[in-house]
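This report describes how one protein chain is folded. Please look at the sequence and the structure before reading on.

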Amino acid sequence: MKSTLHTTRLTLAEPLRISRSVMDARDAVWLSVEHGGARGHGEAVASVYYGLDADTLGRLLREAAVELGRFAEPESALEAARDDALLPHDTPPAVRAAVDSALLDLVGKRAGTPVHHLLGAQAPPAAATARTIGITSPVRAALRARCLADSGFTVIKIKGGSPDPADDLARVRAVREGAPHARLLLDPNGAWTTAEAKRLLPRFAELGVEAVEQPTIPGDPEALARLARTSPLPIVADEDAVGLDDARRLAGRVHGVNVKLAKCGGPHAALRIAEALAGSGTDLMLGCLTASSLGIAPAVHLADRARWIDLDGHLLLAHDPWQGIGGTDGTVRAADRAGLGVRRRAEPGPAPETGAAPEPEATTTTGTPAPGIPGPSKETPHRAHVA
């Protein structure tokens, strides 16, 4: 198998403020795996929170590509990934997820079957996704909520964790007024103490919030579980539920676990978590980082497993370089095409007269690649910084 890497910059349509940071762009590294004339693609995105920048991702994906090169065919590599035996156990989950996704895409294309079939679902999953409103003024939040509701969104996620909790209450109240029929989720990103959460949760319940993600400071899952026992709202663990061991520890003790492929290690790791939660009373949320449709698509193929869907990362971008999962009308849909069902979108600007945009291929390299493996190519500035 031949592997290539391609690095690009994903610019948000507008900065997204959460309790711990403000983000306006994110680097992404695409892994393409080719065998027998077919190519599969996966994406890993840089994250300050997880300590991964583009250079680190590129290095780790080149190392993963060496491991892929030891397999004669992608089907055997995918089987190893399914058994968690493909990459060293200290490989970051974001890298595992990109490799798992690229192999699923390639194997699906070679078999002429969509990824959701490979993952055990017959019909292509489709689900209403939450759309995120960051920390902003109540007036802007209300206007945004009204626009989202008019576009078809029935679930809205509101970021919380302002220094003054009254600001969060005002923002949620404004969103409720702007979209009175929408289901509301709240995500403080671990900004509250347990005492603050106990004081605030009843007030958000009165405003019609359906569930709250990671209300308390991460690092004490036992405290989160104790809070869930008496909370008037469902508590969904996120930062305190990274992988399978965390999910097992919290199963039956919180109301939900937010599974992000880049956090847990990919679609097969997500399925292992879903199996661990089954019958425990803890529901699954499918979440994501800000990413392109390529990075979000693998989770969409799992959307029939979750109670809450929060797969809007591609909708936050000024320009999504991939397409194929929808979402602009409030619903994400897995394509019933072979593989992940996504394809490269034309670059911003005048539309081409005929034909579709080609799939990405790293035609230039930088740095010193591992033997037989091209290093990551860098997008030209006008492609990286399109507004």
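The text below covers the sheet, the nonpolar cores, one arginine and the aromatic pairs.

The model is predicted.

**The sheet**

Eight strands make up an open sheet with parallel pairing, and their order is S5-S6-S7-S8-S9-S10-S11-S12. Strand S5 (130-133) and strand S12 (308-309) are the edge strands, each pairing on one side only. Helix H5 (residues 138-151) packs on the sheet, where it touches S5 and strand S6 (155-159). The direction of helix H5 makes about 160 degrees with that of S5. Another helix, H11 (residues 267-277), lies across strand S10 (256-260) and strand S11 (283-287) and runs at about 160 degrees to S11.

Within the sheet, strand S7 (residues 183-187) pairs with strand S8 (residues 209-213) in the parallel sense, over three bridges. Leu 186 has Val 212 in S8 as its bridge partner.

**The nonpolar cores**

The largest nonpolar core contains 106 residues. Leu 61, Val 99, Ile 156 and Phe 204 have the most contacts inside it. Helix H3 (residues 93-111) gives the most to this core, namely ten residues. Apart from this core lies another one, of seven residues, including Met 285 and Trp 308.

Phe 204 touches Leu 186, and its other contacts include Asp 168, Trp 192 and Leu 233, leaving out residues up to four places away in sequence.

**Arg 96**

Helix H3 also holds Arg 96. Is Arg 96 buried or exposed? Its relative accessible area is 13%, and the cut-off for buried is under 20%, so Arg 96 counts as buried. The side chains of Arg 96 and Asp 84 are joined by a polar contact of 2.8 Å. Besides Asp 84, Arg 96 touches residues including Leu 87, His 89 and Gly 265, not counting those up to four places away in sequence.

**Aromatic pairs**

How many aromatic pairs does a search of the whole structure find? The search finds three. Two of them are listed here.

| Pair | Centre to centre | Angle between planes | Type |
|---|---|---|---|
| Trp 30 and Trp 322 | 5.5 Å | 85 degrees | edge-to-face |
| Tyr 49 and Tyr 50 | 5.2 Å | 85 degrees | edge-to-face |

Trp 30 in strand S2 (residues 22-35) and Trp 322 in strand S13 (residues 322-323) are 292 residues apart, and their pair links distant parts of the chain. Trp 30 is buried, at 1% relative accessible area, and Trp 322 is buried too, at 0%. Tyr 49 is partly exposed, with 40% relative accessibility, and Tyr 50 is partly exposed at 30%.

Terms used
Residues are numbered from 1 along each chain as its sequence is written. This is a predicted model: local features need pLDDT of at least 70, side-chain atom pairs count only at pLDDT 80 or more; totals for chains, interfaces and linings use all residues. Side-chain values use heavy atoms; hydrogens and water are left out. A nonpolar core is a set of buried Ala, Val, Leu, Ile, Met, Phe, Trp, Tyr and Cys residues joined through side-chain atoms within 4.5 Å. Buried means under 20% relative accessible area, exposed over 50%, partly exposed in between (1.4 Å probe, protein chains only). Helices (H or I, at least four residues) and strands (E, at least two) are DSSP runs, numbered from the N terminus. Contact means heavy atoms within 4.5 Å. Two strands pair if DSSP finds at least two bridges between them. Axes are lines fitted to C-alpha atoms, for helices over the stretch in contact, and angles run from 0 to 180 degrees between N-to-C directions. A polar contact is a pair of N or O atoms within 3.5 Å; within protein, one must be able to donate a hydrogen and the other to accept it, and residues adjacent in sequence count only if both atoms are side-chain atoms. Rings of Phe, Tyr and Trp (its six-membered ring) pair if their centres lie within 6.5 Å; planes under 30 degrees apart count as stacked, over 60 as edge-to-face and the rest as tilted.
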